[in-house]
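Hello,

Here is the structure I promised to hand over. My notes follow below it.

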Amino acid sequence: MRPPPPNTLVNKIVALTLCLLVFSGTLGLGAVWVRQEIFSTANRSNVLETKLADVERRLDEVDAGVAIALNPASLLRRNETMRLGLEAPKQIQVVRMQGSPETRLALKRNQEIFSLSTTARKSGPTAGNARLVTASFP
Amino acid sequence: MSKGFASNFRMTLIAVAVLACFLGVGIRLIFLHVIDRDDLLKFVNKARRQIVVEQARRGAILDTKGALLATSRSFVVVGVDPEMMNPDDIKSWPEMARLLKLPRAELSGVLQNSMKVGRQALANSLTPALENKRVRWVKLAEEVDEDVYDQITKLKVRGVYGARNFKRIYPGDTLAAHVIGYVNKEGVAVTGAEHHLDIYLKGEDGWIESEKDGARRELAQFRSREVPVQDGNDVVLTIDSVVQYMIENELKLIADKYRPKFATIIVSEPHTGRILGLANYPNYNLNAFEKAPLDAQRNNAVTDIIEPGSTFKIVAAGAALDLGIVTPASIFDCGQTSILYKNRQLKLPKEDEPFENLSVADIVAHSSNRGAAQLAMLMGEENFYSYARKYGFGQSTKFQLGGEVRGILEQPKNWDGLTITRMPMGHSIAATPLQVHMAMSAVANGGTLLRPQILKEIRDAKGNIVRTFAPEKREQVLKPRTAAVLAQLLHRVFTEGTAKGFEIPGFELAGKTGTTQKIIDGKYVSNRHVSSFVGFFPASRPEVVISVIVDDAKMSKGIAYGRAVAVPAFKHIAEQLIQYLDITPLMIPTSGALASNGGAR
């Protein structure tokens with residue numbers, strides 16, 4: 001068998017070099033693309049971090065504002081300027097009771113309902129009475 | 001046979017050209033990376049590298065119910081980079097002046113000048129010798145709100161930018177000023193909780209090493225090193241803002257009426273030692289600390305000492321009962337003016353009113369000086385001194401915010417002949433208001449002396465509890481039975497003794513009045529007093545201890561007795577606390593009890 005002509009060898013080398021160039025170019029471009037993605041992700045997360053810090057700062061500002069508004073002295077000033085007349089109860093105004101106040105209130109309410117319904121039944125089926133009893137139910 | 005698509009010459013030419021290109025690039029790279037490396041690196045570092053310090057947010061101080069007592073708020077310091085300024089932005093200057101609340105002419109003047117400086121600086125930058133004289137920052141306004149800064153950035157004035165700073169805010173102004181303390185303009189925590197709990201509050205600054213673009217924006221992708229910021233912890237105190245407000249209000253009333261040198265009110269829970277309120281007069285505004293005189297910044301409750309006066313009689317009475325050498329019914333002759341003690345005839349102190357035979361219960365109720373002296377003599381110097389120490393006198397209470405003095409309690413070997421007769425009535429001894437308060441708390445707490453607790457817990461920046469502070473026992477001063485008996489004797493102070501007429505029916509108030517002559521130029525004077533009342537209630541199951549101490553109250557008529565100055569304040573605070581803390585009465589007030597109170601409830 002005869003050896004291949006020299007031109008063919010050169011052509012092969014050139015073709016291989018071109019392939020190598022294309023391959024390394026692709027690799028390079030790929031690396032650039034990956035890097036670009038990393039850059040944009042880093043910048044996006046940086047923007048989010050900044051936004052988060054900004055929100056936290058504003059939250060602190062709101063908290064400080066709320067604390068100033070809820071300070072006992074401010075509340076009392078507001079009570080005066082708005083003429084609400086709110087006052088802490090005095091001992092004489094306080095009635096202390098045994099047991100749960102919710103149960104007592106429910107008992108009282110039920111008693112009212114039942115006494116009203118009894119009254120309604122006794123006085124006959126008038127439209128006015130019936131409406132009064134119905135209105136007592138929640 | 002194929003000859004290929006190009007001749008050998010052409011192929012060689014292309015190969016040589018490609019190689020030459022690579023060689024050129026390689027040589028350039030060698031120049032950039034090896035030969036000129038140092039100069040170029042210096043230039044790049046200067047132009048692009050930056051280290052951004054991220055300030056840690058200082059933790060907040062909260063009261064026991066989570067209300068903010070101190071917090072940090074961010075402000076923006078707005079400035080301009082003269083070299084970045086653009087003459088086209090002049091039209092936005094008036095709006096910027098309005099937002100920064102600066103006179104238009106003033107701002108224009110500053111900006112015009114900056115622009116001139118900037119141009120000059122740019123010219124100088126070409127001369128290496130003048131490089132360091134470049135001005136890159138001219139401050140325009142401090143403490144600009146975030147909202148205002150947002151509006152300024154929307155104007156897009158080139159070169160104008162802001163630096164964020166945290167500033168400490170105290171929402172309550174004067175509320176609990178001596179407890180909270182403050183951070184000064186340099187960011188140094190100076191007093192109070194701010195100073196003593198700085199280790200929890202301050203946090204750790206973080207920093208980022210990265211690069212910036214031409215508009216000074218950070219290029220996050222070039223971050224090379226990053227140390228994350230650690231915000232400070234929040235500190236929760238045992239102080240209750242509402243209780244604190246009540247006592248500060250009471251102090252204002254006392255100050256208006258009596259113009260004292262100083263006054264202190266302390267409120268605490270006897271079973272935990274937790275301080276619900278601690279206030280002093282004079283007070284100051286934490287948001288304007290620079291205007292407050294140093295005297296107003298003293299936490300008198302721990303830094304000042306007073307002679308406790310008759311409030312100290314709980315030591316003699318408690319000790320005598322605890323040792324079992326007397327009972328509440330034991331009788332003493334309080335009419336005698338002198339007594340034989342260790343073969344010496346000792347003169348007994350004067351009484352405010354003449355007494356004859358008094359029981360121990362009456363000695364406490366009527367505050368007999370001679371009775372207290374005889375109780376101390378009965379137990380001897382060493383026993384009396386030992387009990388005074390057990391009550392916590394002459395030693396630190398271990399107050400968590402520091403700054404306290406120990407007071408003065410001399411050892412018996414240093415006493416003169418009369419000390420055994422004078423100390424039981426609260427002379428020849430000096431104590432801080434907090435020491436006196438804690439001694440009374442021990443009686444209210446079944447004889448156990450606790451450490452005063454001002455710290456409740458530490459929370460991290462996310463709100464998780466990282467440390468809690470439990471009650472700390474210091475000493476068993478009295479047996480629980482003795483403490484209960486003494487509490488009942490102290491209740492008689494209201495029903496029959498020096499605080500009679502100030503009872504709140506159903507609540508068994510208990511306590512001890514104190515009136516001490518002040519020492520001026522080494523002598524006791526009869527017209528200046530320290531008036532005090534230290535007490536608790538209900539006597540049978542104490543829920544709160546209150547101390548009112550007023551130094552040098554100016555009375556329009558008469559002597560500034562503890563009964564006249566401090567007891568009304570004690571009662572007023574007790575009435576408010578009953579409602580606020582929902583303290584339930586021990587018994588339904590009878591008509592007789594109401595009548596004894598003049599019909600008032």
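**Strand β22(B) and the A–B contact**

Strand β21 of chain B, residues 523-537, is joined to β22(B) by 8 bridges, and the two run antiparallel. Please keep in mind that this is a predicted model.

β21(B) and β22(B) make a hairpin, with 6 residues between them. Within this pairing, V534(B) sits opposite S547(B) of β22(B).

β22(B) also pairs with strand β10 of chain B, residues 262-268. That pairing is antiparallel too, with 7 bridges. Here the residue opposite S547(B) is I266(B).

How many residues of β22(B) are buried? The strand covers residues 544-551 of chain B, and 8 of its 8 residues are buried. In a regular strand, side chains alternate between the two faces of the sheet. In β22(B) both faces are covered. One side carries V544(B), I546(B), V548(B) and V550(B), all buried. The other carries V545(B), S547(B), I549(B) and D551(B), and these are buried as well.

Now the contact between the chains. Chain A puts in 29 residues, and chain B puts in 29 residues. On the side of chain A that touches chain B, α1 (6-70) and α2 (72-81) of chain A each supply at least two residues. Which element gives the most to that side? It is α1(A), with 20 residues. By type, the residues of chain A's side split into 15 nonpolar, 8 polar and 6 charged.

Best regards

Notes: Residues are numbered from 1 along each chain as its sequence is written. Chains are lettered from A and ligands numbered from 1 in the order in which they are written. This is a predicted model: local features need pLDDT of at least 70, side-chain atom pairs count only at pLDDT 80 or more; totals for chains, interfaces and linings use all residues. A residue is buried if 20 or more other C-beta atoms lie within 10 Å of its own, exposed if 12 or fewer, and partly exposed in between; C-beta atoms are placed from the backbone. Helices (H or I, at least four residues) and strands (E, at least two) are DSSP runs, numbered from the N terminus. Two strands pair if DSSP finds at least two bridges between them. Two residues are in contact if their C-beta atoms, placed from the backbone, lie within 7 Å. Ala, Val, Leu, Ile, Met, Phe, Trp, Tyr, Cys and Pro count as nonpolar, Asp, Glu, Lys and Arg as charged, and the others, Gly among them, as polar.
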